[in-house]
Amino acid sequence: MTIEQKQHLWDSFVSRWPSEKLEELTLEEYVSVNDQDTFTYWLETKTKDLGSIKGNTSAKFGIYKRGSAGKEQSGIGHGEIYSWRTRYGDDETSVFSYVKKILVTIAKAAYEGDLQTIDELDFAPLVKWKIAFLYQNQQAPSLINTFSKPMLQVLTGSEARISYPEMYQKIVANQGELNLLEYGQQCWSEVETRNKEIERQKILAQFIHIDAFESNVESWNKETTNSFCNIIAAANKRGLDVFVTYMNSGDMICIGRKEHHASNAEAIFATFEPTKSRIKFEQRYLNRDEYLCADVTSDLLTQIRNARSFLAFNEEYKIINRKPLWPSDYSDDYVDDSEDTPGKNDQVIRNTSLNQILYGPPGTGKTYHTVEAAVKAAEPDFYDVLEFEELDIDERRIALKDKYDELVEQKRIRFVTFHQSYGYEEFVEGLKAESDEDSNIFYPIRDGVFKTLCDKASQKTVMPDLIKEDSRIWQLSIESSGRSEVKTYCLDSDIGAIGWGHVGDMTPSMRTSENDSKLTSETHPNQSSIRSFCNDMSIGDIVFCVSGQLTIEAIGVVTGDYKYNPDGILQREDYNHTRPIKWLAKGLELNVFNLNSQTRLPIKTCSELTRFSVPELIAFLGANSISLATDAEFNIENFVLIIDEINRGNISKIFGELITLIEPSKRTGEGQKEALTLNLPYSGKPFSVPSNLYIIGTMNTADRSLALMDTALRRRFDFVEMMPNYEVFNGCAVLNIDDVEVNLAQLLETMNHRIEVLYDREHMLGHAFFIPVAELIKAGEPQKALIELKNVFKNKVLPLLQEYFFEDWNRIRLVLGDSKKTESDWLVKISEKSFDTIFGSDHGLGNFDTAPKTYQIASFDHDSIWDKPETYQAIYNPSKLQNVDVTTDSTVNSENNNG
């Protein structure tokens, strides 16, 4: 939104809710449900671009209209329609009278610039300062559109004890000639770059009421303060409560488990004791005989995390139906809407979009950044904790990559690349030609990567460790479809068995020609059943014990290899073929007709079922309240599908009718009122996309412009632009050989500026091409870095330039700066010969035909021009070359259009 649009929005608010009419405001005008023209809706939603107060509960408005029954909680009263903060009154009339008086007072004080009066009012800070901002005198402003105290502290460098009015006064004093909204936007830009600092300020503010903390916090070194905040944040992210225990000997900061109204903690993980020079740490959990004592340092969090102590504690003392608490949450009127609770900054910390595409020119790190984006989506808690840790770039990347690899191993992250031949059959589902042992061709329906991941994300029951996603599924009829003594024995003994013992042991090494003859004398269905059970099943496969062509009575998993039992099973001496099968669910009467694509089960003793997948089966069992892992607790996990080169595929051909289902509002999940389900064309099964599946695409703008993207795709994805980042070369940008300095950032930026002038910004060169050079510079290997720089130009830069400019060599020369050099320093040599020289005098080409220019890239042979650092320096600063009388630009931005 532009500054002009924001100003119009501000004026619209003041026009709709003029201050002189606030005294006449009715409760229905103030707050309602599903009404987009109330005062609070304007304040929170319509004017969010003027400063967000979104999030937390509606109790921040003092009184609110419920959409359902009121929930009993301390500090909140309920009427038939409304709920309110009890400290403002006993009923909706008295409470709204208080709230309206607050509104009038804020509007009047804000216009007069009396921020002290506003600061003393008992009302939610974010809300009252947003109101003050909107009603201030725009000609003589007194505050900006930032309402969170920790953010203001960071912007002003203030301590926690400094008040709102003092910080606003300090900020507005530096406004200068800027428009207030423009200045506010500038402040927000600064805030966004200092997110960690803001979160630390929020954490420190939780303990500033402790005398020993307030008096000593300024004396602690940076490592101590940061490490303390990191440990507290990590504990809270892992589900531990943070609270203060008040003792005669001094107040103690604790992490552990303590309910809101409890006088004592249920369990304490560790304590922190602030002293003058340091913070003492004692871990009590898992150390009951002798506490683990240490000073708070940067190594302490690593030690705790490596021991996985937080996770172990949270498993033992689980939170039930609430979030972990902070010290401020233990007040008497706690309603879970503390605006300055750490981690609740709505404008700085944003949720990961369900559908996003990273787009930009080649080499800008799109695929590289999918690792971070995928981990952030799949494991947001891990990512949040990682953000607080004091890691350098390399350490952070290693941590992200390790977690990424772990999630890939768990198949929670899948990677696929689109191309022109990629289609619906590979992505969603399709027919696949296969053959059986008799060379009969059949066409089972196989799931693609998208459907497989959707099915897995939709699971609401835990998959046993023995079962894998690619496990095969079999149906087995033990003796008969009805009840039998043999079947009962097998189910109770965790085995499976079939007849035809006369064909002998089916172990390949035990086969004889006589037994082979007996096997081949059986019918083809019988042979197939015998081979399937004895030779094709493998450990981890799923087995249905069928009770008819529609129903099954048990589900098991194969746990061992085939065994020939010469004694048979009970009275069935021919039941010699056996396998260990752990029967996980028994006594069922489960109809699987719809699961099996509305097809009856085969009339065979043993055969593979190919019409549904393992994730589909697990989801089906969950829908029927059947769990194969009875002791495991199910936790909803996030899944990620990475689509590389998403713009190279035919979107209509790949997604088909399912493109609608990826919209956030059309996905299935808790609270999804507009979720859609469609029937798939091949299997006929219902299909939906769950809300815990994230799709991350990458797009190379050199292949296709964003403007040419499939419209349906563009509407459903958030686009994140990734342009060349010259800051990645900070600290390793200069290659110095024999006092000749080549600045990589300046080299790349100069070439990109020329490309943008000659072509467009979507065809720039990415910084990733030069990262290997920078790494060698950082490692102190300048000669190897020069060789690598030569290879970058030979294998990356020049081929791309030829592709971009369709071998328009004059433009390529302009990008390389040859137009500013003498002929001996050209990187693209020009040769111009007459037709007579080329063809002889009798060429018949007319006098008006001109001989063409030919272009030749300077040789890359050993000890060539490409081996000299001056060559690369001259691309952005040709005046450095000897004997060259030329004026060069002092900055990239002053480069003229002719190169």
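Reply: Lying across involves contact (heavy atoms within 4.5 Å), and the angle comes from axes fitted to C-alpha atoms, for helices over the stretch in contact, on a scale of 0 to 180 degrees between N-to-C directions. Helices (H or I, at least four residues) and strands (E, at least two) are DSSP runs numbered from the N terminus. The model is predicted: local features need pLDDT of at least 70 and side-chain atom pairs pLDDT 80 or more, while totals for chains, interfaces and linings use all residues. Residues are numbered from 1 along each chain as its sequence is written, and side-chain values use heavy atoms, without hydrogens or water.

The whole structure holds 43 aromatic pairs, where rings of Phe, Tyr and Trp (its six-membered ring) pair if their centres lie within 6.5 Å, and planes under 30 degrees apart are stacked, over 60 edge-to-face and the rest tilted. One of the pairs is F243 with Y330, edge-to-face at 6.2 Å centre to centre and 65° between the planes. This pair links distant parts of the chain: F243 is in β4 (residues 241-245), whereas Y330 is in the loop between α14 (309-316) and β9 (355-360), 87 residues apart. F243 has 1% relative accessibility and so counts as buried (under 20% relative accessible area, with exposed over 50% and partly exposed in between; 1.4 Å probe, protein chains only). Y330, at 17%, counts as buried too.

Some features elsewhere can be set beside this part. An open sheet of three strands has the order β1-β3-β2, also with antiparallel pairing. Its edge strands, β1 (63-65) and β2 (76-78), each pair on one side only. Neighbouring strands in that sheet are turned by 20° on average, direction ignored. Three bridges join β1 to the antiparallel strand β3 (residues 82-85), where S83 is the bridge partner of Y64.

Other aromatic rings form a cluster made of F13, W17, Y30, F39, W42, F96 and Y135. The charged end of R16 sits over the ring of W17, 3.9 Å from its centre; this requires NZ of Lys or CZ of Arg within 6 Å of the ring centre and within 35 degrees of the ring normal. R397 is placed likewise over Y368, at 3.5 Å from the ring centre.

A further arginine, R579, lies in strand β20 (residues 577-591). R579 is buried, with a relative accessible area of 4%. Among the residues that R579 touches, leaving out those up to four places away in sequence, are I495, F533, M537 and Y562. Its side chain reaches the backbone oxygen of M537 at 2.9 Å.

Definitions and conventions: Two strands pair if DSSP finds at least two bridges between them. A polar contact is a pair of N or O atoms within 3.5 Å; within protein, one must be able to donate a hydrogen and the other to accept it, and residues adjacent in sequence count only if both atoms are side-chain atoms.
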